[in-house]
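Trainee: I'm new to this one. Could you show me how to read helix packing and pockets?
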Amino acid sequence: MFREMRRKNQQLPREECCRILEEATSGVLAVSGDDGYPYAVPLSFAYADGRLYFHVAKSGHKLDALRRNPKASFCIIERDEIVPAEYTTYFRSVIAFGTVRIVEDNADKRRGLDLLSDKYSPDETAESREAEIGKLINALYVLVMDIEHMTGKEGRELAAQRKKQAHHGKSDEEGGFTVLPPVRNSHRCAGIPAL
């Protein structure tokens, strides 16, 4: 159903994709918009247990599109370092594909809003959180994307550095960029089908 990545030597490990989903602060949700045109919109989000959570107004282009076709993709660009002398960029990105549910029930919305609050306002008091959520919960919906497929890709230079690092069994910095160590927390990817 989903295409395999052509440049497998640049494919990110599944756990690295999940780390990016946990740490990134924004991405672009793409849906099937009006008159057959794609509609892609930047959003903040939270990730947990193989799902992406978003909050949205109760009307608009996104909801209309998702009611017609709940299939969507979500793209995150974690890194985009322009290297003029090499005519390239050192990039790292993830694309998740899945089906989006519109959550209208306040009790069910609460899970998504708590995840978003934990991510974007972790130092706020419980009283502050309750006041904000209480003020907004009836004015919005939560979208939940169940991730069915996910791929991550990085620039050739970063992929070569990752391979070298894995071969030598150490983390180092070379060529002006740092490659992250392999991620070992497989619980991050719970609920996402294997690549």
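Trainee: At what angle do α3 and α4 pack?

Mentor: Two packed helices are described by the angle between their axes and the distance between the axes. Here α3 and α4 pack at about 130°, with axes 11 Å apart; axes are lines fitted to C-alpha atoms over the stretch in contact, and angles run from 0 to 180 degrees between N-to-C directions. Helices are DSSP runs of H or I, at least four residues, and strands are runs of E, at least two, numbered from the N terminus. This is a predicted model, where local features need pLDDT of at least 70, side-chain atom pairs count only at pLDDT 80 or more, and totals for chains, interfaces and linings use all residues. Residues are numbered from 1 along each chain as its sequence is written, and side-chain values use heavy atoms, leaving out hydrogens and water.

Trainee: Which residues of α3 and α4 make the contact?

Mentor: Contact means heavy atoms within 4.5 Å. R110, L113, D114, S117 and D118 of α3 meet R129, E130 and I133 of α4.

Trainee: And what is the volume of the largest pocket?

Mentor: On a 1 Å grid over the protein atoms alone, a pocket is an open set of points where a 1.4 Å probe fits, with protein on both sides within 12 Å along at least five of seven lines; lining residues have an atom within 4 Å of a point. Volume is the space filled by probe spheres set on the points, which are joined across faces, edges and corners. The largest pocket has about 300 Å³. Its lining has 14 residues, with L113, L116, S117, S121 and E132 closest to the centre. α4 gives the largest share, five residues.
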